[in-house]
Amino acid sequence: MKILRIPVTLALLAFVAACVTINVYFPAEAAERAADRIIRDVYGDQPQQQAPAEPQSLQQLAPQPSPVLVLLDWLVTPAHAGADISVNTPAIRQLEAAMEKRHRQLAKYYTDGAVGMTRNGEITIRDQKLIALQDRNTVKSLVASENRDRSALYAEIAKANGHPEWEAEIRDIFARRWIDNAPSGWWYQAAQGGWKQK
């Protein structure tokens, strides 16, 4: 019986060690959800897409998890506790509020095609000729302020989650999600560097 206990104990220790290492990895799905929430708040008036509810009959037909899966889920859940992205700090709320207010001023320039979204999660003046001469300095200032706040937001989210090294990954996720959440007609920089319209 002792011979059987050693492999079982080793297997259990390996399983627990594997669960603990889960926290090391960047929680991309949680970061996408956090980015979507912030971006939708900033964009404000954009309709949120909701998945259609499952019909009741399909919900009833869903297979029930086995007791072994329930036990594994219970054991692994604490290791996943770090898989959430916190975006509820005073600094993040302040940046989000400033970006939301600024978006109301920039929305016209996104729609006109004067301002576009870059591949690195920022914005830029795409076509200066689409901005009235008297408004150009104002738009340049808005773009610079927006980029400063976006960079600060990415850094603050990484810092708030205790992983400053995640900043580049957070920036990459936001870069994609700004574009994905934007309405059709807005301009964005494609992976190859050229401009495309949604």
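The backbone oxygen of Arg177 lies 2.9 Å from a polar atom of the Asn181 side chain. Asn181 itself belongs to helix α7, which covers residues 167-181. In this predicted model, the side chain of Asn181 also forms a polar contact with the side chain of Arg40, at 3.3 Å. Beyond its neighbours within four places in sequence, Asn181 contacts Asp36, Ile39, Arg40, Tyr43 and Lys198. Asn181 counts as buried because its relative accessible area, 14%, is under the 20% cut-off.

The overall architecture is as follows. The chain holds seven helices and four strands. Read from the N terminus, the order of elements is α-α-α-α-α-β-β-α-α-β-β. The chain has 198 residues, of which 33% count as buried.

Helix α6 spans residues 136-160 and has 25 residues. From first C-alpha to last, α6 reaches 35 Å. This is close to the 36 Å expected at 1.5 Å a residue. Just after α6, Gly162 adopts a positive phi of about 75°. Pro164 is placed in the loop between α6 and α7. Pro164 is exposed, since its relative accessible area of 54% is over the 50% cut-off. Pro164 and Tyr154 are 10 residues apart along the chain, and their C-alpha atoms are separated by 9.4 Å.

Helix α5 (residues 90-112) packs against α6 at an angle of about 150°. The two axes are 10 Å apart. The crossing of α5 past α6 is left-handed. On the α5 side, the contact is made by Ala91, Ile92, Leu95, Ala98, Met99, Arg102, Gln105, Leu106, Tyr109 and Tyr110. On the α6 side, the contributing residues are Val139, Leu142, Val143, Ser145, Glu146, Asp149, Arg150, Ala152, Leu153, Glu156, Ile157 and Ala160. By class, the residues of this contact divide into 15 nonpolar, two polar and five charged. Spacing along a helix bears on such patterns. An α-helix has 3.6 residues a turn, so residues three or four places apart point the same way.

His103 is also part of α5. Residues up to four places away in sequence aside, His103 touches Val42, Tyr43, Tyr110 and Trp186. Tyr110 is also one of the α5 residues in the contact with α6. Tyr43 is likewise among the contacts of Asn181. The relative accessible area of His103 is 7%, under 20%, and His103 is therefore classed as buried.

Thr118 lies in the loop between β1 (115-117) and β2 (123-125). A polar contact of 2.3 Å joins its side chain to that of Asn120. With residues up to four places away not counted, Thr118 touches Ile123, Thr124 and Gln189. Thr118 and Gly193 are 75 residues apart along the chain, yet their C-alpha atoms are separated by 8.6 Å. Despite the loop position of Thr118, its relative accessible area is 10%. Thr118 is therefore buried, as this value is under 20%.

How values were computed:
Residues are numbered from 1 along each chain as its sequence is written. This is a predicted model: local features need pLDDT of at least 70, side-chain atom pairs count only at pLDDT 80 or more; totals for chains, interfaces and linings use all residues. Side-chain values use heavy atoms; hydrogens and water are left out. Helices (H or I, at least four residues) and strands (E, at least two) are DSSP runs, numbered from the N terminus. The expected span of a helix is 1.5 Å times one less than its number of residues. Axes are lines fitted to C-alpha atoms, for helices over the stretch in contact, and angles run from 0 to 180 degrees between N-to-C directions. A crossing is left-handed if the near helix is turned anticlockwise from the far one by less than a right angle, and right-handed if clockwise. Contact means heavy atoms within 4.5 Å. Ala, Val, Leu, Ile, Met, Phe, Trp, Tyr, Cys and Pro count as nonpolar, Asp, Glu, Lys and Arg as charged, and the others, Gly among them, as polar. Buried means under 20% relative accessible area, exposed over 50%, partly exposed in between (1.4 Å probe, protein chains only). A polar contact is a pair of N or O atoms within 3.5 Å; within protein, one must be able to donate a hydrogen and the other to accept it, and residues adjacent in sequence count only if both atoms are side-chain atoms.
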